[in-house]
Amino acid sequence: MEKLKIIGGNKLSGSISCSGAKNAALPMLAATILSDKAITFKNLPYLQDITTMFEILGSMGADISLNENMDFTISTSNLHDFEARYELVKTMRASILVLGSLVARHGFARIALPGGCAIGTRPVDFHLDALEKLGAKIELKNGYIEASSKKLRGCEITFPGVSVTGTENIMMAAVLASGKTYIKNAAKEPEIIDLANCLRLMGARIDGDGTSNIVIEGVNKLAGCNYDVLPDRIETATFLVAAAITRGKLTLTHTRPDTIKVIIDKLKKAGANISIKNDIINIAVKSKLDAVNITTNPYPDFPTDMQAQFIALNSISKGKSKVVESVFENRFMHVQELVRMGANIDINGNTAIINGVKDLTGAPVMATDLRASASLILAGLVAKGETIVDRIYHIDRGYECIEEKLTKIGANIKRLPQ
Ligand code: UD1
């Protein structure tokens, strides 16, 4: 397995262009199933999760091509298979996103049940119950979800909890259903709005995205479109923390500062100097930051996908801090690795209490999930000596060219072959 070797201590400085958002791109790729016309994406990030979604679409018969501007065009006009196989689903839970569009357009889907995962049980019951309400027949057979329906019918769906991919799946199912669908307790993430924007360009009738109440009026057919994917707010925020933790100075271009207000506020509160002009964010950090308390919750609150990175930052900030993880159970797997690097962190249920230490020291550590990997890399960037991060396939799922981007701004980081 590939590893990353990091020699800590370099202050980062320079400019980074942020990539397209993985979590916006994945549902949009699933949305290509909804139309028999081609859809072209600009700013699709080059990530393992995107490749996995391409493999799922390709195995069903989708045609995927790339032009000289690196724009991807996807045509699902010849889809002949409506199945997402276990070998692919087990590597990416977001594979479940093809469920809604397959049933809506082809009346059938067979998707491997995503199993447990490192950050909690993460069930898909909200997706299945909502699709059933729209009129689909759902059966669980041999580890697969089989969903079928002649024509989905609009209805009122109230999600029992806020689910990002659950909301997206049902939006995609409802755009081709007959009549109106009212989604209540919908997720409000910027990626939901981006998906709605893409679907609207295809001809869908959607209102209320970005609020808890989404209303969708089904149409008979959707067209193709060209779509420019939203910049990745989690990648952007991770680079802001990289500047903060190394006390560096970075300019981040191609960002959407409005999608990370809560992160920018926390970093400013901690003492970072941040200025914003249009899609550019400048951050400069001269001295050790103050530790900040965090509670994760659905958007617009603090994102669970930035919790691990902020625990790394708090580990070497001034003072004591409390981080509460309210979205996923068991999402503190990075903590034991950070402790091995000298961090002082106690876990009690879903709460981490962090006492800032003077220094972290390099160590061999193991990445357990995507954002945990990011936190270990951040810790490695500031730790004294050498850190080896093992199992970095997790990082390739969600951060485009991470070591190239970090090297460009002055980090000493290398990928070691298997
Ligand atoms: C999405 C993001 C992920 C992010 C997460 C929370 C994508 C591809 N992934 O994941 O990066 O960390 O949102 O912001 O966009 N739940 C159920 N039953 C369900 C669905 C969810 O109980 O059917 C629970 C989950 O266990 C979790 C909570 O709801 O506790 C939120 O999960 P959800 O928003 O669905 O996460 P994902 O959409 O999988």
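The model is predicted. The disulfide count is zero. A cis peptide bond joins Tyr299 and Pro300. Two non-glycine residues, His254 and Asn278, have a positive phi. Helix 1 and helix 2 run roughly parallel.

**Cysteines**

- A disulfide is a covalent bond between the sulfur atoms of two cysteines.
- The count of disulfides here comes to zero.
- For Cys225, the closest cysteine sulfur belongs to Cys198, at 4.2 Å.
- Cys225 has a relative accessible area of 12%, so it is buried.
- Cys155 is also buried, with a relative accessible area of 18%.
- Both values fall on the buried side because the cut-off is under 20%.

**Backbone geometry**

- Most residues other than glycine have a negative phi, and most peptide bonds are trans.
- The peptide bond between Tyr299 and Pro300 is cis, with omega at about 10°.
- Pro300 sits in the loop between strand 18 (294–295) and helix 10 (307–315).
- His254 is not a glycine, yet its phi is positive, at about 55°.
- The loop that holds His254 runs between strand 15 (249–253) and helix 9 (261–270).
- His254 is partly exposed, with a relative accessible area of 26%.
- Asn278 is not a glycine either, and its phi is positive at about 55°.
- Asn278 lies in the loop between strand 16 (273–277) and strand 17 (280–284).
- Asn278 has a relative accessible area of 68%. That makes Asn278 exposed, because the cut-off is over 50%.

**Helix 1 with helix 2**

- Helix 1 spans residues 22–31 and helix 2 spans residues 48–60.
- Their axes come within 10 Å and cross at roughly 5°.
- The pair therefore counts as roughly parallel, since the angle is under 35 degrees.
- Helix 1 contributes Lys22, Ala25, Leu26, Leu29 and Ala30 to the contact.
- Helix 2 contributes Asp49, Ile50, Met53, Phe54 and Leu57.
- Eight residues of this contact are nonpolar, two are charged and none is polar.

Note on methods. Residues are numbered from 1 along each chain as its sequence is written. This is a predicted model: local features need pLDDT of at least 70, side-chain atom pairs count only at pLDDT 80 or more; totals for chains, interfaces and linings use all residues. Side-chain values use heavy atoms; hydrogens and water are left out. A disulfide is a pair of cysteine sulfur atoms within 2.5 Å. Buried means under 20% relative accessible area, exposed over 50%, partly exposed in between (1.4 Å probe, protein chains only). Helices (H or I, at least four residues) and strands (E, at least two) are DSSP runs, numbered from the N terminus. Axes are lines fitted to C-alpha atoms, for helices over the stretch in contact, and angles run from 0 to 180 degrees between N-to-C directions. Angles under 35 degrees count as roughly parallel, over 145 as roughly antiparallel, 65 to 115 as roughly perpendicular and the rest as oblique. Contact means heavy atoms within 4.5 Å. Ala, Val, Leu, Ile, Met, Phe, Trp, Tyr, Cys and Pro count as nonpolar, Asp, Glu, Lys and Arg as charged, and the others, Gly among them, as polar.
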